[in-house]
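Please read them with the structure open.

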Amino acid sequence: MPQAPSPASVALLLGLSFFLGLAFEDFFAQSPRRRPGGIRTFPMLAIAGGVLYLLDPSQFIPFTGGLLVLGGWLIVYYRAYVGAVDEQGEPNVGIVVPILNIHAYLLGAVALALPPWVAVTMTVVAVLLLTGREQLHELARRLEIKEIVTAGQFLVLTGIVLPLLPNQPITTLTPITPRQVWLALVVVCTFSYVSYLAQRYWAAAAGGLWMAALGGLYSSTATTVVLARQAKAQPTLRRQAQAGITLATAIMYLRILAIVAIFNLSLASALVLPICALSVAGFIFCAVQYWWRAGPEKQSAQAIHLAAGSNPLELGTAAIFALLFVAVSLATVLVKSQLGISGIYALAAVVGISDIDPFVLNLAQGGVAGMETAALAAAILIAASSNNILKAAYAAGFAGGKATAVSAAVLVALALAGFAAAYGLIMT
């Protein structure tokens, strides 16, 4: 005898099939052509699939027979459907309608046999893909082919090369393994790529402080340089540019915390209080800069624009990051052996004048043996604070001093607060 399904599973089956049917009818509501499927058909298909699955949950013979019958009917429908034209006079070549009918039938077995999140996920994704047709087609038209090729190369290197890389050190000079190097590259590039795509293709983030926030996710240093130049070239945008510089640094702190948390939760726990405090302080300074004495130029806030920059998934960019990561790892081990923990703190201050991600990731992945978590957290805070000093210099230098003097002062204040937090961790 087949095992009786739980009431919760049956309720899930009915609820998801009704949801799918409702979305189907709403999407095709404006079309005069009738299509198989809807708020009645999909629940019945789901119930039929679920019952046929329960009749033979081991061999699936009744369930497979039902699927063949449904498929045969859909083939007949689709042959007639393709022969006609749609409302725009184009041939009907899409197979969304047959796929959704099959989806509803499969949903019955999935809801009864698999964990609930599987049925919920497949249904929600199907609805989003159905209702987001215009937006997805528009995105496909806007994407450049070179970016698709680059993303494909990255997926190949991530899915094929990463598992093949050795997870043991290949030299005694550093405990970091090739797989750790590449995994760090994947994580950092993913963060930057999300920001890159949002800056390039998200219309709502085409300007204003949204751009500054995304710039902080990509590179707060580059964002500072661009906004400082805009503050000098366009005095009416000076207030927004200064607020954007501070906002990019506030986002940078959260980005560092997220990257560290992926590799080392204990280190992230030690950093969460000082990092979040510095980030909140940055947000407060940003708000004060943006709204304090806001004049008529406030309406021009959306005129701030940042270039999306180079694609972080390009292989040249990835190779440079990997080389920097290895170089920082070797330098860290050398400095630790020669100068001890104080040498690591000095190195943290030095790497702040460049990209601090390789240094942070090296510490998070255990690149320095014998250092306590508090010492590692202090080194990361020192590196971030040193980078803020560099950005303060950029803000003052590229804008000519007065244009971004407030932001430069804020960055210095955040740097001093970071150094103080690092000192507190060292002394504990």
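The points below run from the overall fold to single residues.

1. Overall make-up. This is a predicted model. The protein has 16 helices and zero strands. Of its 428 residues, 45% count as buried. Look also at how far apart the contacting residues sit in sequence. Among contacts with a separation of 6 or more, 75% join residues 24 or more positions apart.

2. The largest core. How many residues does the largest nonpolar core have? The count is 38. Ile 256, Val 260, Leu 267, Leu 271, Phe 359 and Ile 380 have the most contacts inside this core. At least two core residues come from each of helix 10 (238-263), helix 11 (265-291), helix 12 (315-339), helix 13 (341-351), helix 14 (357-364), helix 15 (373-399) and helix 16 (405-427). Helix 15 gives the most, with 10 residues.

3. Ile 380. Leaving aside neighbours within four places in sequence, Ile 380 is in contact with Ile 256, Val 260, Leu 267, Leu 271, Val 360 and Leu 363.

4. Helix 10 against helix 11. The axes of helix 10 and helix 11 come within 8 Å. They cross at roughly 170°. Angles over 145 degrees count as roughly antiparallel, so helix 10 is roughly antiparallel to helix 11. What kinds of residue form the contact of helix 10 with helix 11? The residues divide into 23 nonpolar, six polar and one charged.

5. Helix 14 against helix 15. Here the axes are 10 Å apart, and the packing angle is about 175°. Helix 14 is therefore roughly antiparallel to helix 15. On the helix 14 side, the residues are Phe 359, Val 360 and Leu 363. They meet Leu 376, Ala 379, Ile 380 and Ala 383 in helix 15. The contact of helix 14 with helix 15 has seven nonpolar residues, no polar and no charged.

6. Ser 386. Stay in helix 15, where Ser 386 has its place. Is Ser 386 buried or exposed? Ser 386 has a relative accessible area of 9%, under the 20% limit, so this serine counts as buried. A polar atom of the Ser 386 side chain lies 2.5 Å from the backbone oxygen of Ala 349. Please check that pair by eye. Leaving aside neighbours within four places in sequence, Ser 386 is in contact with Ala 348, Ala 349, Gly 352, Ile 353 and Phe 419.

7. Leu 20 and His 103. Leu 20 is in helix 1 (residues 7-27), and His 103 is in helix 4 (residues 96-113). The two are 83 residues apart in sequence, yet 9.4 Å apart in space, C-alpha to C-alpha. Leu 20 is buried, with a relative accessible area of 1%. His 103 is buried too, with a relative accessible area of 11%. Not counting residues up to four places away in sequence, Leu 20 touches Phe 42, Leu 100, His 103, Ala 104, Thr 123, Ala 126 and Val 127. With neighbours within four places left aside, His 103 is in contact with Leu 20, Met 122, Thr 123 and Ala 126.

8. Leu 237. Now turn to a loop residue. Leu 237 lies in the loop between helix 9 (209-233) and helix 10. Leu 237 counts as buried because its relative accessibility is 1%, under the 20% limit. Leu 237 and Leu 227 are 10 residues apart in sequence. From C-alpha to C-alpha, Leu 237 and Leu 227 are 9.3 Å apart in space.

9. Phe 60. Where is Phe 60? Phe 60 is in the loop between helix 2 (41-55) and helix 3 (61-83). Its phi is positive, about 60°, although Phe 60 is not a glycine. With a relative accessible area of 36%, Phe 60 falls between the 20% and 50% limits, so this residue counts as partly exposed. Please look at the backbone here.

Definitions and conventions. Residues numbered from 1 in each chain as written. Predicted model: local features only at pLDDT ≥ 70, side-chain atom pairs only at ≥ 80, totals over all residues. Heavy atoms only, no water. Helix = DSSP H or I, 4+ residues; strand = E, 2+ residues; numbered from the N terminus. Buried < 20%, exposed > 50% of the residue type's maximum accessible area, 1.4 Å probe, protein only. Core = buried A, V, L, I, M, F, W, Y, C linked by side-chain atoms within 4.5 Å. Contact = heavy atoms within 4.5 Å. Polar contact = N/O pair within 3.5 Å; in protein donor to acceptor, adjacent residues only side chain to side chain. Axes fitted to C-alpha atoms, helices over the stretch in contact; angles between N-to-C directions. Parallel < 35°, antiparallel > 145°, perpendicular 65-115°, else oblique. Nonpolar A, V, L, I, M, F, W, Y, C, P; charged D, E, K, R; others polar.
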